[in-house]
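Please look through the sequence and the structure shown here before reading on. The report then takes up the parts of the fold one after another.

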Amino acid sequence: MEVKAIACELPKDSGQPLSRYSRQDLVREVLGRGLVAKISGRTIWRWLDEDAIRPWQHRSWIFPRDPNFQSKAERVLDLYQSLWEGQPLGADDYVISADEKTSIQARIRLHPTLPPEPKQAMRVEFEYERGGALAYLAAWDVRRAKVFGRCESTTGIEPFGRLVQQVMEQELYKNANRVFWIVDNGSSHRGAAAVKRLQGAYANLRLVHLPVHASWLNQVEIYFSVIQRKVLTPNDFTSLQEVSQRLLGFQNLYEQVAKPFEWKFTRTDLQDLMNRLIHKPKLALAA
């Protein structure tokens, strides 16, 4: 238990000039503290494996700092469950998840990409020239698996306004009872000013802000991850125009097979997460 406790410490708290422990680092630390006379890295690994402790690994994390994090997140999770303020959404209510994917480069490779062949993967030239960058703005209809997108030279209030107009002027959404737009807190649609601007322009639009640093709750980010894997990796284009054409072409292709995302994270899961953050258990040493 003492070895496991050491593994769950930050090395800097013990005066070690390390960011994280490896198995051999732990061997030296345990021996240095006089806990055992002899021990192997394999033995330490076996002990740590019992509790799935991996001090040599790390993950990036943003701790919730929005004072209204839970209540804001719950509104969005309810919309994914077709609920609003405790009431079911109607057939003429729509939920849109929207955001921008910024600074998409056109990397013009200095040698043409070579296709795969037997025993040889696709080969992409390492060196490239920069052909400029654009922003891809997208709105994902959560319940219909419909995507609307456009390429702009930059992000901002006006480009995002054009995306909203592109969606809201379609007959289906123009005559809808309510169209909920889920957005993050980016400058293009931040705060009360954005609510006033967009809801003033469209009477049936309801702007719903995510908590700060909670883009992982925005379903359009799933679509952006598909874009990144299937369209932008590897980044190999001859011009910025080709980037735009491929993005919009993939958008049309994706809609032919798209289904609503199977979103499984609910209010209950959120409450469990908040409880873990607030009441993080401490590893106690054996008496």
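Predicted model: local features only at pLDDT ≥ 70, side-chain atom pairs only at ≥ 80, totals over all residues.

Strands of a sheet pair through backbone hydrogen bonds, and they may do so in either a parallel or an antiparallel way. In this model there is an open sheet of five strands, whose order is β5-β4-β3-β6-β7 and whose pairing is mixed. Its edge strands are β5 (146-152) and β7 (205-209), each of which pairs on one side only, and from one strand to the next the twist averages 25°.

Two of the pairings can be followed along the sheet. Strands β3 and β4 are antiparallel and share eleven bridges; along this pairing I108 stands opposite E129 in β4, while S97 stands opposite W140 in β4. Strands β4 and β5 also run antiparallel, joined by seven bridges, and here Y136 stands opposite C151 in β5. The hairpin of β4 and β5 has four residues between the strands, and in this hairpin A145 takes a positive phi near 55°.

## Helices around the fold

Helix α5 (residues 157-168) lies across β3, β4, β5, β6 and β7, and its direction makes an angle of about 145° with β5.

In helix α2 (residues 23-32), the residues D25, L26, V27, E29 and V30 are buried, and what covers them includes α1 (2-7) and α3 (41-50). Just after α2 comes G34, which takes a positive phi of about 75°.

## Two helices that pack together

Two packed helices are described by the angle between their axes and by the distance between those axes. For helix α8 (residues 220-230) and helix α9 (residues 240-255), the angle is about 115° and the axes are 11 Å apart, and the crossing of α8 and α9 is right-handed. On the side of α8 the contact is made by Y223, V226, I227 and K230, and on the side of α9 by L247, F250, Q251 and Y254. Sorted by kind, the residues of this contact are six nonpolar, one polar and one charged.

## The nonpolar cores

In soluble globular proteins, nonpolar side chains tend to be buried together. The largest nonpolar core of this model has 41 residues, and those with the most contacts inside it are L79, Y136, W140, Y223, I227, L247 and Y254. Among these, Y223 and I227 of α8 and L247 and Y254 of α9 also take part in the contact between those two helices.

The elements that give two or more residues to this core are α4 (69-80), β3 (93-109), β4 (128-141), β6 (178-183), α8, α9 and α10 (267-278), and α4 gives the most, with six residues. Apart from this core lies another one, of 22 residues, which includes F160, Y173, W181 and A194.

## A histidine in a loop

Where in the chain is H189 placed? H189 sits in the loop between β6 and α7 (191-201). Because its relative accessibility is 0%, H189 counts as buried.

Once its neighbours within four places in sequence are left aside, H189 is in contact with D99, E100, F160, V183, D184, A194, R197, L207 and H209. L207 is 18 residues away from H189 along the chain, and the C-alpha atoms of the two are separated by 9.0 Å.

Methods. Residues numbered from 1 in each chain as written. Heavy atoms only, no water. Axes fitted to C-alpha atoms, helices over the stretch in contact; angles between N-to-C directions. Left-handed = near helix turned anticlockwise from the far one by under 90°. Contact = heavy atoms within 4.5 Å. Nonpolar A, V, L, I, M, F, W, Y, C, P; charged D, E, K, R; others polar. Core = buried A, V, L, I, M, F, W, Y, C linked by side-chain atoms within 4.5 Å. Buried < 20%, exposed > 50% of the residue type's maximum accessible area, 1.4 Å probe, protein only. Pairing = 2+ DSSP bridges.
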